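Biologist: I'd like to learn how to read charged pairs in a protein model. Could you walk me through some?

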Amino acid sequence: MEHWYIWQPKVTNALKTINDQLYHKLAADFSLIMGAEVFVSILKHEDSWKICYQAPHSESDLFTFIFSLYDPAKKEYLYSGFEIEEPTIDIHKLLVLPQGQGLATQIMYKFLEKMTEMQSFSRIVLRAESKDEAKFWQRFGFQFKARTSPYLPAMSLDLKPDIGKSKSLHVNIRYKSI
C-alpha cells in the first residue's frame, strides 16, 4: 500500500487580524515610562513584521527595542535557535540607558501585558547576549531552551501554554467494496 503525503501550507491569520495601532499605543506607553517621546517603525511582510521602537537619545539616555512577529506558513528557523511553526514573537534587542532604574523592567511588563491580552502569539523567543542578560529575562518567566549555548543562551516564554503543543489526530478510514 502506498502512502502519499501532500504538503499544504497552513492558513496563517495572526498578522492579518492585528491592528498596528496597538504598537503605536505601546509607543505612547513607552514614552511615559522613558520620559521622552518614543517612535515606532513597522515593516510589514506577508508572514512577518519587524517592529522597532526608539527614543532620540542624549549622552546618558538611550532606548531601543526591536522585535519581529512571525506567522509562518511552514516551519522556519530563527537566529535565536528556535524552529517555529506557530505565531511567535522574536525579540532581537532591548537596550535601555540608564540602567538600574527599573525602566527596562517597566517596558517589559507593559509589553508582556499587551502581547498576552492580544492572544495572537503562542510564545516569545530570544537569544540573550550574556548570563546577566539571561537573569533579567528569567525574571519575566523566560526559560532556557534545551541544549543552548551558555554564552548566548536561547530562551522562550510561552504566552499560551496549551497552544503550539503538537497534538496528533488519527483518522481511520475503511472502504467497503460494493
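**Reading the salt bridges**

Modeller: Let's start with R123, which counts as buried at 14% relative accessibility; buried means under 20% relative accessible area, exposed over 50%, and partly exposed in between, using a 1.4 Å probe and protein chains only. This is a predicted model, where local features need pLDDT of at least 70, side-chain atom pairs count only at pLDDT 80 or more, and totals for chains, interfaces and linings use all residues. Residues are numbered from 1 along each chain as its sequence is written, and side-chain values use heavy atoms, with hydrogens and water left out.

Biologist: Which residue meets R123 in a salt bridge?

Modeller: Here's the general idea: side chains of opposite charge can pair when their charged atoms come close. The rule asks for a side-chain nitrogen of Lys or Arg within 4 Å of a carboxyl oxygen of Asp or Glu. In this case the partner is E86, at 3.0 Å from N to O. E86 sits in the loop between β5 (83-84) and β6, and R123 in strand β7, so the pair ties together parts 37 residues apart in sequence. Strands (E, at least two residues) and helices (H or I, at least four) are DSSP runs, numbered from the N terminus. E86 is buried too, with a relative accessible area of 15%.

Biologist: How many salt bridges does the rule give?

Modeller: Three. Another one joins K44 and D20, again at 3.0 Å. K44 is in strand β1 (residues 39-44) and D20 in the segment before α1, 24 residues apart. K44 is partly exposed, at 44%.

Biologist: Where do E113 and K110 lie?

Modeller: Both are in helix α2, three residues apart, about one turn of the helix.
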